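Here are some notes on the model, jotted down while paging through it. Have it open next to you as you read.

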Amino acid sequence: MAKRNRGSLQLRHVDAGSCNGCELEIASIFSPVYDAERFGMRLEASPRHADGLLVTGPVTRNMADPLRKTFEAVPNPRVVVAVGDCARNCGVFSGAYGVEGAVADVVPVDLEIPGCPPDPQTIITALRGLSGT
Ligand code: SF4
């Protein structure tokens with residue numbers, strides 16, 4: 001994976017339909033134990049101030065359009081990171097009536113982080129490949 005954001009990575013998180021397990025692990029990477037901010041990573045409130053999106057969960061039908069709109073609001077060059085097996089391939093929610101598809105079925109994905117959920121160190125290591133830190 002190319003290093004696109006050297007030294008810094010500001011991400012807007014979008015929960016597209018997660019069970020909240022991946023959110024707990026994402027919250028953990030910003031805890032004092034893992035401290036992802038020391039690698040220049042931060043969560044941004046506005047997609048207009050972000051380098052990319054951190055997307056969790058399968059994309060539900062209700063979240064497909066909000067995800068597309070949030071993606072369009074991120075300035076170019078932008079990256080999309082699919083966090084967890086549900087984001088990668090719908091995981092345990094595959095085939096569920098309310099699921100539109102995986103994240104890559106809705107917006108282009110640059111990086112996938114496997115796991116159900118992925119542990120904090122796995123998330124940080126993958127994101128460092130993007131930030132170049
Ligand atoms: S990958 Fe696992 S922890 Fe993450 S949203 Fe899906 S079921 Fe939940």
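Where is the place of Glu25? Glu25 sits in helix H1, and the points below start from there. Keep in mind throughout that this is a predicted model.

1. **Glu25 and its surroundings.** Glu25 comes out as buried, because it has 21 C-beta neighbours inside 10 Å and the threshold for buried is 20 or more. Once residues within four places in sequence are set aside, Glu25 is in contact with Pro117, Pro118, Asp119, Pro120 and Ile123. Take Ile123 from that list: Glu25 and Ile123 are 98 residues apart in sequence, yet 8.3 Å apart in space, C-alpha to C-alpha.

2. **The H1/H4 packing.** The axes of H1 (residues 21-29) and H4 (residues 120-131) come within 8 Å, crossing at roughly 65 degrees. As for handedness, the crossing of H1 past H4 is right-handed.

3. **The ligand shell.** How many residues surround the ligand? There are 13 of them, and the closest are Cys19, Gly21, Gly84, Cys86 and Cys116. H1 turns up again here: H1 and helix H3 (85-89) each supply at least two residues of the shell. The shell divides into 6 nonpolar, 6 polar and 1 charged.

4. **Two cis peptide bonds.** Most peptide bonds are trans, so these deserve a glance. Cys116, listed with the closest residues to the ligand, is joined to Pro117 by a cis peptide bond with omega near -10 degrees. Pro117 is in the loop between strand S7 (111-113) and H4, and Pro117 is one of the residues in contact with Glu25. The other case is Asn76 to Pro77, again cis, with omega about -5 degrees. Pro77 belongs to the loop between H2 and S5.

5. Is Arg78 buried or exposed? Arg78 lies in the loop between helix H2 (61-73) and strand S5 (79-83), and it is buried, because 20 other C-beta atoms lie within 10 Å and 20 or more is what buried takes. Neighbours within four places in sequence aside, Arg78 is in contact with Asp51 and Gly52. Arg78 and Leu11, 67 residues apart in sequence, are separated by 9.8 Å, C-alpha to C-alpha.

6. **Positive phi away from glycine.** Most residues other than glycine have a negative phi. Which values go the other way here? Asn20 has a positive phi of about 90 degrees, and Asp35 has a positive phi of about 45 degrees. Asn20 is in the loop between S1 and H1, while Asp35 is in the loop between H1 and strand S2 (41-43). Asn20 is exposed, with 11 other C-beta atoms within 10 Å. Asp35 is exposed too, because its count is 12 and exposed means 12 or fewer.

7. **Glu100.** Glu100 is in strand S6 (residues 99-101). Glu100 counts as partly exposed, with 19 C-beta neighbours inside 10 Å. Not counting residues up to four places away in sequence, Glu100 touches Val59, Thr60, Arg61, Ala64, Asp105 and Val106. Glu100 and Glu23 are 77 residues apart in sequence and 20 Å apart in space, C-alpha to C-alpha.

8. Arg6 is in the segment before strand S1 (9-15). With 11 other C-beta atoms within 10 Å, Arg6 is exposed.

Definitions and conventions
Residues numbered from 1 in each chain as written. Predicted model: local features only at pLDDT ≥ 70, side-chain atom pairs only at ≥ 80, totals over all residues. Axes fitted to C-alpha atoms, helices over the stretch in contact; angles between N-to-C directions. Helix = DSSP H or I, 4+ residues; strand = E, 2+ residues; numbered from the N terminus. Left-handed = near helix turned anticlockwise from the far one by under 90°. Near = placed C-beta within 6 Å. Nonpolar A, V, L, I, M, F, W, Y, C, P; charged D, E, K, R; others polar. Contact = placed C-beta atoms within 7 Å.
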